[in-house]
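Okay, let me put the next one up on the screen.

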Amino acid sequence: MGRAGFVAGNWKMHGSLARNQELLEAVVSGTRSLQNVSCAVCVPYPYIVQAQSVLEGSHVAWGGQNVSQYHHGAYTGEVSADMLTDLGCRYVIVGHSERRILFGEENRVVAEKFRAAQECSITPILCVGETLAQRESGEAEQVIATQLDAVIDLAGIETLRHSVIAYEPVWAIGTGKTATPQQAQDVHEFIRSRIAVHNSRIAGDIQILYGGSVKADNARELFAMPDIDGGLIGGASLVAEEFISICLAAQN
Ligand code: PEP
C-alpha cells in the first residue's frame with residue numbers, strides 16, 4: 001500500500017468570521033467525495049472554535065499554525081498544545097519559515113514545539129526548507145538535514161511515526177515561484193533517505209508534503225512525483241475552488 005495523500009491549508013493571518021464561514025462550508029462540501037486523501041486547515045487561533053464548529057464530523061480536520069513549547073504557566077500571549085487538543089485540533093504547523101525568519105525561532109525551539117505537540121497527541125507538520133542564498137551556495141541539503149536532525153535528536157526518531165514533514169523552499173513561499181517537480185522530488189527523496197538512516201520503515205511511511213506557491217494548475221504534476229505525498233498550501237487555501245482542486249489532485 002502506498003502512502004495516502006494529505007493536503008493542509010495554512011491560512012496565515014487572514015480571515016474574518018464571515019469570510020471563514022463561507023470558505024469552511026465550501027471546503028466541506030467540495031471535499032465530501034475525496035478518497036484516500038485527507039485534508040486539514042490550519043487557521044489563526046481566534047478562529048479555531050469556529051473551524052471546530054463547522055468541520056466537526058466532516059472530512060476536513062483543523063489545526064493551529066504555531067504552538068508554545070511550554071504546556072502551561074506564565075507565558076503571556078502563548079498557546080499550548082494542551083489548549084489546541086481541547087479544541088479538537090489534529091494538526092499543528094511547527095517551524096514554518098515565517099516563524100523561523102520573522103520571529104527568530106531556531107531549530108532547538110522548533111524541536112521543542114514539535115515535542116510539545118506530540119506530547120498532546122497532536123500531529124506536528126514540521127516545515128523545513130532552504131533560502132535562495134542557501135540553495136545557490138549548495139547548502140540546501142545541509143540546512144534541511146540540520147533542521148531535521150534537531151527534531152530527531154530532541155524528540156527521537158519514533159516520534160516521526162506520528163508526524164508530517166513539509167518541504168517548503170523559502171524562495172517559493174508566497175512568491176509565485178514554484179520548485180519544479182524534479183527539484184522538489186530531489187529534496188523529498190533526500191529527506192526520506194536522511195530519515196532512513198535511523199529507521200527505514202518510518203522513512204517509507206512518513207508523509208512528506210511540498211509547499212511553495214502550489215496552485216490548482218501545478219498541483220497535479222507535483223503530486224505525481226513518487227516522494228511527494230501532498231501539499232502545504234498558503235495563498236491558494238484561501239480560495240475554496242483552488243483548495244478543493246488541490247485536494248482532488250492529491251487523490252491517488
Ligand atoms: C505556506 O505558507 O506554507 C505556503 C506554502 O504559502 P504559499 O502557498 O502561498 O506559497
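So, helix 5 brings Asn107, Arg108, Ala111, Glu112, Phe114 and Arg115 up against Thr146, Gln147, Ala150, Val151, Leu154 and Ala155 of helix 7, where contact means heavy atoms within 4.5 Å. By class, that contact has six nonpolar, three polar and three charged residues; Ala, Val, Leu, Ile, Met, Phe, Trp, Tyr, Cys and Pro count as nonpolar, Asp, Glu, Lys and Arg as charged, and the others, Gly among them, as polar.

This is a predicted model, so local features need pLDDT of at least 70 and side-chain atom pairs 80 or more, while totals for chains, interfaces and linings use all residues. Residues are numbered from 1 along each chain as its sequence is written, and side-chain values use heavy atoms, with hydrogens and water left out.

Now the geometry. Helix 5 is residues 107–119, helix 7 is 140–155, and their axes come within 9 Å, crossing at roughly 50 degrees. That makes helix 5 oblique to helix 7: under 35 degrees would be roughly parallel, over 145 roughly antiparallel, 65 to 115 roughly perpendicular, and the rest is oblique.

How do helix 1 and helix 11 cross? Helix 1 (residues 17–30) and helix 11 (residues 240–249) have axes that come within 9 Å and cross at roughly 30 degrees, which makes helix 1 roughly parallel to helix 11. Leu23, Ala26, Val27 and Gly30 in helix 1 touch Ala240, Phe243 and Ile244 in helix 11. Those divide into six nonpolar, one polar and no charged.

Definitions and conventions
Axes fitted to C-alpha atoms, helices over the stretch in contact; angles between N-to-C directions. Helix = DSSP H or I, 4+ residues; strand = E, 2+ residues; numbered from the N terminus.
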